[in-house]
Amino acid sequence: MKIALMADLHLRGCDLPQTRAQLMASVDVMVERGVQVVGVAGDIAHRMNLYDTSASTGAVARVALEWARALQAHGIEALMIPGNHDYSGPGRADALHVFDACPNVRVARRAESLAWNGLRILAVPWLYTDRDFNAVVSDLRAQFGDNYTWHLLLAHVQVFGALQNRRHAMEFEQPLQTYVCRPGDWSTSADFLSNLPVMHIALGDFHFRQDVVEDRGGFVGALRQLDFGEEGNPQGFEIWDSEADTTEWIELDECPVHRTIIAKPGEPVQMLDPEGCRYRVRYDGMPDPLEARELEARGVQVEAIVEKRERVKRCEVPSGMVGDLPATLRFWAGQQTDEVDVDRALDALRLIDSDDVEPVEDCPDQQFADAMARPPDVALEVDALARMEQSGSAPAPFDLVAEVNRMGNAMIGQPAQATGADDEALPF
Ligand SMILES: [Mn+2]
């Protein structure tokens, strides 16, 4: 029997028409190759509620259902498991309920052994549980005894040591990283998988197509590249023949591939296939703004690699200098790239320095003086409230004027006078 195996469809708004075309193209190939059933290893939707900023729930659902109906029209049944993207969280409904009314779609929502279309399938969706993947699968095996075997493991899971695409655009030059297990991850090992009595393995979650167990499959690979972090990934699905135990990769080209071009500012950028590719141009330096705009108008993502500027400069301050304000300021000015008018800066500081400030009673602007002398209202209220709470009974009548004076005294020594002995201790 020929089984189409797919993973990580990530139905979403921003490339919905292309994704729809990719899905419909997959049906054409299946029909042509005589595929009878499809297994999808999770992440059918990009978001549990289907909608995003580019498409409504209905628009995304329509594509999902169109695909299911196209399969049905050719008598092809589908088995799906939810991936982490199909959930919004533990215990929540998943996105695959969009297929509830599709008679040819079966969804395995728990780890189970299925007899389906003449195949024995071990279906293990992404699960939010305090048990780990290996324990869940071992329990299932125990129910069937040591001699039981399965045709297929269909699972959405992370595998230690497997290769993942980097999500960060800056790291495109090293597009793959090895997955390292963290506590609580829904994950397993190639070793564990290789000891399972299954003929073939079809996993979802890591989008980069790769064998995990030699000659028995692994991560199927996503239907398409989602972004520049997945540049270079194949786009499509596989067909596994359960009798011959052979696998064929089907590359589909209805979705554009991502391609990064490195360019020098001023250099003309050549694009080879503007139809089939989504381009990113990374300039080694600042590009001409007009040129960048022109590229952006053609749908190209433009980035500039600019030299990082050191913003922190450290230096050894000579001992004894701290506390000598003019000397410290001169020293600081000497370290700056741009010239600093030290004398002017010292004049400014002298204004702030207490001795040069006019006593408030002489200040011509009485309103300003009042404002300076008034403690913050919030502090006043908080303090009054605190005392009310402390008293535990009906609050005493509140004398605002007395309170202002009390707070003022407490905060700045003498109200209406901003100078005093404390000035020496002003923080620099
Ligand atoms: Mn995914």
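**Entry 1: a loop residue**

I began with Glu-243, which I found in the loop between β15 (236-241) and β16 (246-251). Is Glu-243 buried or exposed? I looked up its surroundings and got 7 C-beta neighbours inside 10 Å, so Glu-243 counts as exposed. The cut-off for exposed is 12 or fewer. I then looked at His-151, which is 92 residues away from Glu-243 along the chain. The C-alpha atoms of Glu-243 and His-151 are separated by 9.9 Å.

I noted that I am working with a predicted model.

**Entry 2: the strands on either side of that loop**

For one facing pair I wrote down Glu-238, which stands opposite Trp-249 in β16.

I then asked which sheet holds these strands, and in what order. I read the order as β4-β3-β2-β1-β15-β16, an open sheet of six strands with mixed pairing. Its edge strands are β4 (105-107) and β16, and each of them pairs on one side only. From one strand to the next, the twist of this sheet averages 20 degrees.

**Entry 3: the other six-stranded sheet**

I traced another open sheet of six strands, in the order β5-β6-β7-β12-β14-β13. The pairing here is mixed. I marked β5 (112-116) and β13 (210-213) as the edge strands, each pairing on one side only. The twist averages 30 degrees from one strand to the next.

- I found β5 and strand β6 (residues 119-124) paired in the antiparallel sense over five bridges. Glu-112 stands opposite Ala-123 in β6.
- In the hairpin of β5 and β6 I counted two residues between the strands, and Asn-117 there takes a positive phi near 50 degrees.
- I found β6 and β7 paired in the parallel sense over four bridges. Val-124 stands opposite Ala-155 in β7.
- I found strand β7 (residues 150-156) and strand β12 (residues 198-204) running parallel, joined by six bridges. Ala-155 stands opposite Leu-203 in β12.

I noted that Ala-155 turns up in two of these entries: it faces Val-124, and it faces Leu-203 in β12.

**Entry 4: two residues with positive phi**

I looked up Asp-43, which is not a glycine but has a positive phi of about 60 degrees. I placed Asp-43 in the loop between β2 (37-40) and α2. I also looked up Asp-215, another residue other than glycine, with a positive phi near 65 degrees. Asp-215 is found in the loop between β13 and β14 (217-219).

Which of the two labels, buried or exposed, goes to Asp-43? I found 25 other C-beta atoms within 10 Å, so Asp-43 is buried. The cut-off for buried is 20 or more. For Asp-215 I found 8 other C-beta atoms within 10 Å, so Asp-215 is exposed.

**Entry 5: two helices in contact**

I turned to helix α1 (residues 16-33) and helix α2 (residues 57-73). Their axes come within 9 Å and cross at roughly 10 degrees. Angles under 35 degrees count as roughly parallel. I therefore wrote down α1 and α2 as roughly parallel to each other.

Which residues make the contact? From α1 I listed Leu-16, Thr-19, Arg-20, Leu-23, Met-24 and Val-27. From α2 I listed Ala-59, Val-60, Val-63, Glu-66, Trp-67, Ala-70 and Leu-71. I sorted the residues of this contact into ten nonpolar, one polar and two charged.

**Entry 6: the whole chain**

I finished with the chain totals. I read off ten helices and 19 strands in the protein chain. The chain has 428 residues, and buried residues make up 28% of them. I took the contacts between residues at least 6 apart in sequence, and 63% of them join residues at least 24 apart.

I also checked the confidence. The mean pLDDT of the protein chain is 84, and 79% of its residues reach 70 or more. I marked residues 391-395, where the pLDDT is below 50. Beyond near neighbours in sequence, that stretch has two contacts in the model. I marked residues 410-428 as well, again with pLDDT below 50. Residues 410-428 have 22 contacts in the model beyond near neighbours in sequence.

Terms used:
Residues are numbered from 1 along each chain as its sequence is written. This is a predicted model: local features need pLDDT of at least 70, side-chain atom pairs count only at pLDDT 80 or more; totals for chains, interfaces and linings use all residues. Two strands pair if DSSP finds at least two bridges between them. Axes are lines fitted to C-alpha atoms, for helices over the stretch in contact, and angles run from 0 to 180 degrees between N-to-C directions. Angles under 35 degrees count as roughly parallel, over 145 as roughly antiparallel, 65 to 115 as roughly perpendicular and the rest as oblique. Two residues are in contact if their C-beta atoms, placed from the backbone, lie within 7 Å. Ala, Val, Leu, Ile, Met, Phe, Trp, Tyr, Cys and Pro count as nonpolar, Asp, Glu, Lys and Arg as charged, and the others, Gly among them, as polar. pLDDT is the predictor's confidence in each residue, from 0 to 100.
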